[in-house]
Amino acid sequence: MNRIGIAAALTLLAAAYAEAQEAVVRLTVSGVKPAGGTVYTAVFDSADGYQKNVPLRSLTLQPASSVVEATVTLPPGEYVFSLYQDLNSNGKLDTNFIGIPREPVGISNYDGKGPPGGFDRQKVRVPSGGMSLEIRLISINP
């Protein structure tokens, strides 16, 4: 086998290995207002990224019903999923003067009682076999 054939074979093996290391997260978002605007989803893989609002992955979901489903492929690890529904379609999460969201929000491991915590409090562990994750959008400031 020549060098090009060996390099191609190694590239395919590396791609197959990387694919095997990915886990599928089946995300179910409830509490969505149908036709109420895009649901923006951000997936954070570190406390620093969460604090600085620099997600590892982002998704935009167009709701047709009060429940929206999506899949996200990630390496096994710990992540925070943060979502909001952009009711007025301005491309950002609207908040009041002290930072409380005016649009429906959802965060992994958050029940809506009190302020959400940081990365360590909101993170979920994604195992190598994947998982299902349910997040409910809630209106904090009606």
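1. The model is predicted: local features need pLDDT of at least 70, side-chain atom pairs count only at pLDDT 80 or more, and totals for chains, interfaces and linings use all residues. Residues are numbered from 1 along each chain as its sequence is written, and side-chain values use heavy atoms, leaving out hydrogens and water.

2. Asp 86 lies in the loop between β5 (77–85) and β6 (105–107); strands are DSSP runs of E with at least two residues, numbered from the N terminus. No salt bridge is formed by Asp 86, the criterion being a side-chain nitrogen of Lys or Arg within 4 Å of a carboxyl oxygen of Asp or Glu. The nearest side chain of opposite charge, Lys 92, is 9.1 Å away. A polar atom of the Asp 86 side chain lies 3.1 Å from the backbone nitrogen of Asn 90.

3. The largest nonpolar core has 22 residues; such a core is a set of buried Ala, Val, Leu, Ile, Met, Phe, Trp, Tyr and Cys residues joined through side-chain atoms within 4.5 Å. Among the residues with the most contacts inside this core are Phe 81 and Leu 133. A second, separate core of seven residues includes Ala 42 and Tyr 110.

4. Two residues other than glycine have a positive phi: Ala 35, about 55°, and Asn 109, about 60°. Ala 35 is exposed, at 73% relative accessible area, the threshold being over 50%. Ala 35 lies in the loop between β1 and β2.

How values were computed
Helices (H or I, at least four residues) and strands (E, at least two) are DSSP runs, numbered from the N terminus. Buried means under 20% relative accessible area, exposed over 50%, partly exposed in between (1.4 Å probe, protein chains only). Lys and Arg count as positive and Asp and Glu as negative; His and the chain ends are not counted. A polar contact is a pair of N or O atoms within 3.5 Å; within protein, one must be able to donate a hydrogen and the other to accept it, and residues adjacent in sequence count only if both atoms are side-chain atoms.
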